[in-house]
Amino acid sequence: DCCIRETFEESGVQLDRSTVEFRKSQPWPFPRSLMVGFRAKAVGIDDESTLPRINFDEIEMEDVRWFAKDYVRERLDGGSTALMYNPTEDEMEFHIPGKASLARALITEWALEDESSNR
């Protein structure tokens, strides 16, 4: 339930409850905390063929957008989680987290999976 609630609060996107799946975890940089990573499919519009509109609070989130798998797959070699990292001009459009991050693992898993799992 928290995954569905948080996704909706942060992006305005509703998730299909039957597709929510725990994938990985990683220690969080606060004492005795754990970051958890889930995957789920968005509830589409127009007979599920169109991704829903994203609606986010710019005070809470810097940016939230949809990206095609092939676009993401082509950019898996870049990225960094270093505090002083300066992204390239291309990475300003799409900056992928560093290879040691949970976010990077989830993005890579999705980008490299079978194309039949489009969302």
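Student: How much space lies in the largest pocket?

Tutor: About 2,300 Å³ lies in the largest pocket. Rolling a probe the size of a water molecule over the atoms shows where empty space is left. Here a pocket is an open set of points on a 1 Å grid over the protein atoms alone, where a 1.4 Å probe fits, with protein on both sides within 12 Å along at least five of seven lines. Grid points are joined across faces, edges and corners, and the volume is the space filled by probe spheres set on the points.

Student: What kind of model is this, and how are its residues numbered?

Tutor: This is a predicted model: local features need pLDDT of at least 70, side-chain atom pairs count only at pLDDT 80 or more, and totals for chains, interfaces and linings use all residues. Residues are numbered from 1 along each chain as its sequence is written, and side-chain values use heavy atoms, with hydrogens and water left out.

Student: Which residues are closest to the centre of the largest pocket?

Tutor: A lining residue has an atom within 4 Å of a pocket point. There are 49 of them, and V64, R65, A103, L106 and I107 are closest to the centre. The lining divides into 25 nonpolar, 10 polar and 14 charged residues. Nonpolar covers Ala, Val, Leu, Ile, Met, Phe, Trp, Tyr, Cys and Pro; charged covers Asp, Glu, Lys and Arg; polar covers the others, Gly among them.

Student: Which element gives the largest share of that lining?

Tutor: Elements are DSSP runs numbered from the N terminus: helices are H or I with at least four residues, strands are E with at least two. Helix α1 gives the largest share, six residues. Other elements that give two or more include β1 (21-27), β2 (34-39) and α4 (102-112).

Student: Which residues form the largest nonpolar core?

Tutor: A nonpolar core is a set of buried Ala, Val, Leu, Ile, Met, Phe, Trp, Tyr and Cys residues joined through side-chain atoms within 4.5 Å. The largest has six: V72, L76, F94, I96, W110 and A111. Leaving aside neighbours within four places, F94 is in contact with F67, Y71, V72 and R75.

Student: In which sense do β1 and β2 pair?

Tutor: Two strands pair if DSSP finds at least two bridges between them. β1 and β2 are antiparallel, over six bridges. F22 stands opposite F38 in β2. S25 stands opposite V36 in β2.

Student: What is the phi of R32?

Tutor: Most residues other than glycine have a negative phi. Phi of R32 is near 55°, a positive value. R32 lies in the loop between β1 and β2, and R32 is exposed, at 86%.

Student: Where does V20 lie?

Tutor: V20 is in the loop between α1 and β1. V20 is partly exposed, at 27%. Not counting residues up to four places away, V20 touches C3, I4, F38, R39 and A40.

Methods: Buried means under 20% relative accessible area, exposed over 50%, partly exposed in between (1.4 Å probe, protein chains only). Contact means heavy atoms within 4.5 Å.
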